[in-house]
Amino acid sequence: RNLFSSYINISNRIFRTTTDKLMEKGSFNFLRNDLRKTTSPFTASSYLAIIFFSSLLSIPLAVVALVLMLLFGAGLLWSVVVFILVPIITFVFFIMYPSMQRKSLAREIEQELPFLTIYMSAISTSGIEPSKIFNVLSASKDYPTTQREIKKLTNYINFYGYDIVTALKTIAKNCPSEKLGQ
């Protein structure tokens with residue numbers, strides 16, 4: 001087992017009951033949505049457990065920073081402020097990371113979108129049926145960020161048996177880019 005999976009398991013063992021309850025109450029729903037849109041391998045509850053565990057582990061780092069600041073004469077007030085801020089910054093960073101990742105994916109998709117649209121238009125003039133156009137696009141390596149979303153679409157159609165309209169609606173709801181989702 002690798003270190004990362006052990007870290008996740010420990011996080012879940014310590015905090016999963018608490019995070020499950022928080023998610024059931026609807027707390028952190030934004031986190032669930034952002035994780036879904038980035039195709040994260042984590043459930044929202046598990047990711048929240050990782051956040052809590054990481055914030056807890058940042059406390060010893062904050063203690064070290066406190067001691068070093070006091071030893072080097074930074075003053076008690078600044079030392080205490082840093083001690084308090086380290087776990088808070090850790091928590092805030094982990095909370096904001098999925099949103100930052102979703103926005104980054106949206107930007108990348110939106111950069112590819114004009115070229116993808118032209119490519120789709122060119123393919124469609126050959127008379128190929130719409131669902132097959134998406135199969136061609138999912139095989140193309142020219143649009144790597146958008147390709148992930150198109151592969152999801154083709155999976156819904158080819159493996160789950162969705163019709164193209166239902167698959168498009170499902171993908172649009174969970175797409176990082178609102179423009180592609182339209």
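Reply: A pocket is an open set of points on a 1 Å grid over the protein atoms alone, where a 1.4 Å probe fits, with protein on both sides within 12 Å along at least five of seven lines; its lining residues have an atom within 4 Å of a point. The model is predicted, so local features need pLDDT of at least 70 and side-chain atom pairs pLDDT 80 or more, while totals for chains, interfaces and linings use all residues. Residues are numbered from 1 along each chain as its sequence is written, and side-chain values use heavy atoms, without hydrogens or water. With volume taken as the space filled by probe spheres set on points joined across faces, edges and corners, the second largest pocket comes to about 190 Å³.

Me: Which residues lie closest to the centre of the second largest pocket?

Reply: This pocket of about 190 Å³ is lined by 14 residues. The closest to its centre are S40, F42, Y47, Y97 and Q101.

Me: Which helix gives the largest share of the lining of the second largest pocket?

Reply: Helices are DSSP runs of H or I with at least four residues, numbered from the N terminus. Both α3 (44-71) and α4 supply at least two residues of this lining. The largest share, 5 residues, comes from α4.

Me: How many charged residues are in the lining of the largest pocket?

Reply: The largest pocket holds about 300 Å³ of space. Among its 17 lining residues, F134, L153, L168, L180 and G181 are the closest to its centre. Counting Ala, Val, Leu, Ile, Met, Phe, Trp, Tyr, Cys and Pro as nonpolar, Asp, Glu, Lys and Arg as charged and the others, Gly among them, as polar, the lining has 12 nonpolar and 3 polar residues, and the number of charged ones is 2.

Me: Which helix gives the most to the lining of the largest pocket?

Reply: At least two lining residues come from each of α4 (76-124), α5 (130-139), α6 (144-158), α7 (164-173) and α8 (178-181). The most, 4 residues, come from α4.

Me: How are α3 and α4 oriented to each other?

Reply: Axes are lines fitted to C-alpha atoms over the stretch in contact, and angles run from 0 to 180 degrees between N-to-C directions. The axes of α3 and α4 come within 8 Å and cross at roughly 155 degrees. Their contact has 24 nonpolar, 5 polar and no charged residues. Angles over 145 degrees count as roughly antiparallel, under 35 as roughly parallel, 65 to 115 as roughly perpendicular and the rest as oblique, and α3 and α4 are therefore roughly antiparallel.

Me: Which residues of α5 meet α4?

Reply: α4 and α5 pack at about 130 degrees with their axes 10 Å apart, which makes α4 oblique to α5. Contact means heavy atoms within 4.5 Å. L116, Y119, M120, I123 and S124 in α4 meet, in α5, I133, F134, V136 and L137.

Me: Which residues of α6 make the contact with α4?

Reply: The axes of α4 and α6 come within 7 Å and cross at roughly 90 degrees, which makes α4 roughly perpendicular to α6. From α4 the contact takes L105, E108, I109, E112 and L116, and from α6 P144, T145, T146, R148, E149 and I150.
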